Amino acid sequence: MTETLWRALGASATVAAYAALCLGIYARQRGLHATAAREAAALSASDDAQASPTLVLFASQTGQAETIAWQTARRLRAAGTAVRVMALNALDSATLASARRALFVASTYGEGDAPDGASVFAERVMGTPLALPSLRYAVLALGDRQYAHFCGFGRALDAWLHTSGAVRDFAPLEVDNSDPAALADWHSRWGDAPEDTDDAPASFAPWRLTRRELLNAGSTGGPVFHIGLTPPAGTLPHWASGDLVQVAVASDPARPRDYSIASMPADGELQLLVRQEQHPDGSMGAASGLLTSTLSVGDTVALRLRPHRGFQLEGNENRPLILIGNGTGLAGLRAHLRARAAAGRKDNWLVFGERQSAHDFLCREEIEGWQADGTLARLDMVFSRDQAERFYVQHRLLQVADTLQAWLRDGAAVYVCGSLQGMASGVDAALRQIAGDDLWAELSASGRYRRDVY
């Protein structure tokens, strides 16, 4: 057999493997959507045709509020109550005004902000007066006491509902960092848990550190490491691009640290991009220090996977993608690009920012390879300190506003990953200005605008 024929067979096998992967992802997503539709129909069923279903509404960023909302709905349905589960962004004034009872599971983003899953509702519904005298409601507010405005959005939502004339079933329950006792209190109010639910978080398990590579030698910023991990059992579990991993910290067991996964299972290991956090006293961050310094290659660390539906490609697989980020936010974008490359999708645009090209062009060879083979239809690298005046990702977006508008008109979805302060807030403002209020609201409500920022 000639070398040319061998190469042709190899190329065909690669294409077939990509096709099988795409088909598997498509079938899995179709199955998930069908299951969700069947469950929603079952939850809303009622023996009383005149009964108004209880609304179970969630304001979610990483998916925790959504998971709790579905758990709540199953308990209510097991007790004989018809239920309708909705994201807050899907709720309009008329639906809320006609409801008799609503349960809100509301996370808070950053310093008191509405999460992306409720941003449109906060602006368009909570921003106007509404009379709700016939509504009874309860609020479960999710937050973290490390932030100054603990449960800020949940508290604002409760105050707005109360001002609108709605009647509380009981005072808002506030949950600090997934506190089990507070969550148990909430769940106990709606009935016994039905059997055969699988919403419990995965258990932590030991994963072995297999690689640690410094990516930004000479940088004026903190060291960034490419971390590789594998389960000792050798079989990688499934995760989707956009998902997170949680690292258990012995000194703070109640607060596992989230990291964006930078790889796909097909890569053979779970990869992270971790910046080593340095405290003013010279000590390192608990989790970043563990991963980038304390552990030796071959040592183990306790991890668990955390699905992040709010940043998965779910529903956007067949759209052009605009991927925007900075620093170690490249991790979540890299996973998406690896998934897109495997699927043969080349309508991808990466806009990425760091300090200096000479030291901070993370994963440079891989990114330039994607540009060369067409996986990246467009690449905009923005290095803030390579010129006298600081220049950031949001400034580049404003520079190329016409091109960005064209991509959005063609149905592109936007994924943002990186720092909340500075980059993400600046990008959000730039996107609103470029897209206009109506298109921005449509992007948010339809899931075409997704963020994994911290």
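Reader: What does arginine 168 count as, going by its relative accessibility?
Author: This is a predicted model, in which local features need pLDDT of at least 70, side-chain atom pairs count only at pLDDT 80 or more, and totals for chains, interfaces and linings use all residues. Residues are numbered from 1 along each chain as its sequence is written, and side-chain values use heavy atoms, with hydrogens and water left out. Buried means under 20% relative accessible area, exposed over 50%, and partly exposed in between (1.4 Å probe, protein chains only). Arginine 168 has a relative accessibility of 30%, so arginine 168 counts as partly exposed.

Reader: Which side chain meets arginine 168 in a salt bridge?
Author: A salt bridge is a side-chain nitrogen of Lys or Arg within 4 Å of a carboxyl oxygen of Asp or Glu. For arginine 168 the N to O distance is 2.9 Å, and the partner is aspartate 158.

Reader: How many residues apart in sequence are the parts that aspartate 158 and arginine 168 tie together?
Author: Helices (H or I, at least four residues) and strands (E, at least two) are DSSP runs, numbered from the N terminus. The side chains of aspartate 158 and arginine 168 meet in a salt bridge. Because aspartate 158 lies in helix α5 (residues 152-163) and arginine 168 in strand β5 (residues 167-168), the parts tied together are apart in sequence by 10 residues.

Reader: Is aspartate 116 buried or exposed?
Author: Aspartate 116 forms a salt bridge with arginine 451, at 2.9 Å from N to O. Aspartate 116 lies in the loop between β3 (101-107) and α4 (119-124) and arginine 451 in strand β17 (residues 449-453), so the pair ties together parts that are 335 residues apart in sequence. Arginine 451 has 9% relative accessibility and counts as buried. With a relative accessible area of 14%, aspartate 116 is also buried.

Reader: How far apart in space are alanine 141 and valine 105, C-alpha to C-alpha?
Author: Alanine 141 belongs to strand β4 (residues 136-143) and counts as buried at 1% relative accessibility. Contact means heavy atoms within 4.5 Å. Beyond its neighbours within four places in sequence, alanine 141 has contacts including Ala106, Cys151 and Leu173. Alanine 141 and valine 105 are 36 residues apart in sequence, but their C-alpha separation in space is 6.2 Å.

Reader: At what angle do helix α12 and helix α13 pack?
Author: Axes are lines fitted to C-alpha atoms, for helices over the stretch in contact, and angles run from 0 to 180 degrees between N-to-C directions. Ala401, Leu404, Gln405 and Leu408 in α12 meet Leu431, Ile434 and Ala435 in α13. The axes of α12 (residues 401-409) and α13 (residues 420-435) are 10 Å apart, and the angle is about 75 degrees.

Reader: Which residue in β11 does valine 224 stand opposite?
Author: Two strands pair if DSSP finds at least two bridges between them. Strand β8 (residues 224-230) and β11 run antiparallel and are joined by six bridges. In strand β11 (residues 270-275), five of the six residues are buried. The β11 residue opposite valine 224 is arginine 275.
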